[in-house]
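Biologist: I have a chain to learn about. Please show it to me, and then let us go through it by question and answer.

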Amino acid sequence: MAEMGSKGVTAGKIASNVQKKLTRAQEKVLQKLGKADETKDEQFEQCVQNFNKQLTEGTRLQKDLRTYLASVKAMHEASKKLNECLQEVYEPDWPGRDEANKIAENNDLLWMDYHQKLVDQALLTMDTYLGQFPDIKSRIAKRGRKLVDYDSARHHYESLQTAKKKDEAKIAKAEEELIKAQKVFEEMNVDLQEELPSLWNSRVGFYVNTFQSIAGLEENFHKEMSKLNQNLNDVLVSLEKQHGSNTFTVKAQPSDNAPAKGNKSPSPPDGSPAATPEIRVNHEPEPAGGATPGAALPKSPSQSSLPAVVVETFPATVNGTVEGGSGAGRLDLPPGFMFKVQAQHDYTATDTDELQLKAGDVVLVIPFQNPEEQDEGWLMGVKESDWNQHKELEKCRGVFPENFTERVP
C-alpha cells in the first residue's frame, strides 16, 4: 500500500508539473499576442544584462589564463631542453661544469614554481569566481518561470472577478493561488535583486587581485631568472678565459650571387626572421705569420679571446646539382637561373629597378650583369609569373631584399 501511495504521489506531482508547463506556455503566448499584460522590472532586467556580460568576460579571462599557463609550460619545456643540451656539450674537464649543472637545476625549479603559483593564485581563484555563476543563472531562469506563474494566477483571478456570473468559491481559490504564486516569486526576486548588484560590483576587486597576482609573480620570476642567467654568463666567461688560446681564423668569401643595391639593407616586418646565407663552419689553424685569408670578422671586446670560426660560403645544391647556371640552357627558365625564392612578406618597391613583392610571390634568381653593382642583402631576379607571361628579362627583372624571401625547391 505504501508503494502504491508513493507511486500515486509521484504521478500526481508529474501531472502537476505538466499542468504548470502548459499554463506557463499559454500565458507566454497570450503575452506575446498582447492579450495579457506582463509584469516588467527594468531594473532587474539591467541586472541580468550585467550578469550575462560579467559571465562572458569571466569565461574569456579563464580561457586566456589557461592559454597563458600552457605557454608557460611550453617555455619551461623548451628551456629545459636547451639546458640539457648545454650539459651534454659541456665537457667534464672544462671549468664550471658543476656550476652550470646546478644553474640548470635551479632554472628548472624556478619554472615549476612559477607555473604552480600561477595555478594556485590565479587559476584556482578564477575557477572559484566563476563557480558561483551557474547557480545564479539557474535561479534567474527559475525566477522567470515563477513570474509567469504569478502573472497567470493574477490574470485568472481577475477574469473570475470580472465574470458576469461570479463563483465565490472559485474566486477564493484563485485568490489563494495568486497569493501563493506572488509569495514564491517575490522571495526569489528579493534575493536576486540583492545578489546581482553585489556580484556585479565584485568584478572590479576580482580583476585587480587577479592581474596583480599575475604581474607580481611574473616580476619575481624574471628577477630570479635574471640572476641565474647572470651566473651562467659568469661561468661561461670563466670558460672563455681558460680556453681562449685556441683561436680559429674566420674567413668570408663573397659569393657571386651576392646582390647589390647601394647601401640599402631593408628589414622584414617586426617579428620576422631575417634570411641568412648558407654557411659551413671550417676549423682551420691560423696561417703562418698571422695572416688571415679572406675578410676577418671583427670581434667585440667580450669576444676578444673566443676562438674565431672560419666561415666559407659554398654554392647551394639541389638534388646534387650545383645551383647557379643550372638553368642557363633551359628554355623555360631565364638565362643564368640559379634558384627560386618565395616572398614571405610584402615589399613595396622604392626605386624603378626594384621588384614589388607580395607574400607568396615566387622569384627566379639570376646573376647581376655587373657584379660590382651588387650589395649585401639584395638579389637580382624576375617574378616567375612575369617570366611565364613575357619571357623578357629587360622588362621584368629587378632587385629585391633577400631577407624578405625564403629559398624554395
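Biologist: Which residue in β9 is the bridge partner of V341?

Modeller: This is a predicted model, where local features need pLDDT of at least 70, side-chain atom pairs count only at pLDDT 80 or more, and totals for chains, interfaces and linings use all residues. Residues are numbered from 1 along each chain as its sequence is written, and side-chain values use heavy atoms, with hydrogens and water left out. Strands β5 and β9 (residues 405-408) pair in the antiparallel sense over four bridges; two strands pair if DSSP finds at least two bridges between them. In β9, the partner of V341 is R407.

Biologist: Which residues of β5 lie on its covered face?

Modeller: Strand β5 spans residues 339-343. Its uncovered face carries K340 and Q342. The covered face has F339, V341 and A343.

Biologist: In β6, which residue is the bridge partner of Q342?

Modeller: β5 also pairs with strand β6 (residues 362-366), in the antiparallel sense over four bridges. The β6 partner of Q342 is V362.

Biologist: How many helices and strands does the chain have?

Modeller: Both are DSSP runs, numbered from the N terminus: helices are H or I with at least four residues, strands are E with at least two. The chain comes to seven helices and nine strands.

Biologist: Are the rings of Y129 and F206 stacked or edge-to-face?

Modeller: Rings of Phe, Tyr and Trp (its six-membered ring) pair if their centres lie within 6.5 Å; planes under 30 degrees apart count as stacked, over 60 as edge-to-face and the rest as tilted. Y129 is in helix α3 and F206 in helix α5, 77 residues apart. Both are buried. Their centres are 3.8 Å apart and their planes at 10°, so the pair is stacked.

Biologist: What kind of aromatic pair do Y347 and W378 form?

Modeller: Y347 is in the loop between β5 and β6, and W378 is in strand β7 (residues 378-383). Both residues are buried. Their rings lie 6.2 Å centre to centre, with 75° between the planes. The pair is edge-to-face.

Biologist: How many disulfides does a search of the whole structure find?

Modeller: A disulfide is a pair of cysteine sulfur atoms within 2.5 Å. C47 is buried, with a relative accessible area of 10%. C85 is partly exposed, at 40%. The number of disulfides found is zero.

Biologist: What is the phi of K391?

Modeller: K391 sits in the loop between α6 (384-390) and α7 (393-396). Its relative accessible area is 39%, so K391 is partly exposed. K391 is not a glycine, yet its phi is positive, about 55°.

Note on methods
Buried means under 20% relative accessible area, exposed over 50%, partly exposed in between (1.4 Å probe, protein chains only).
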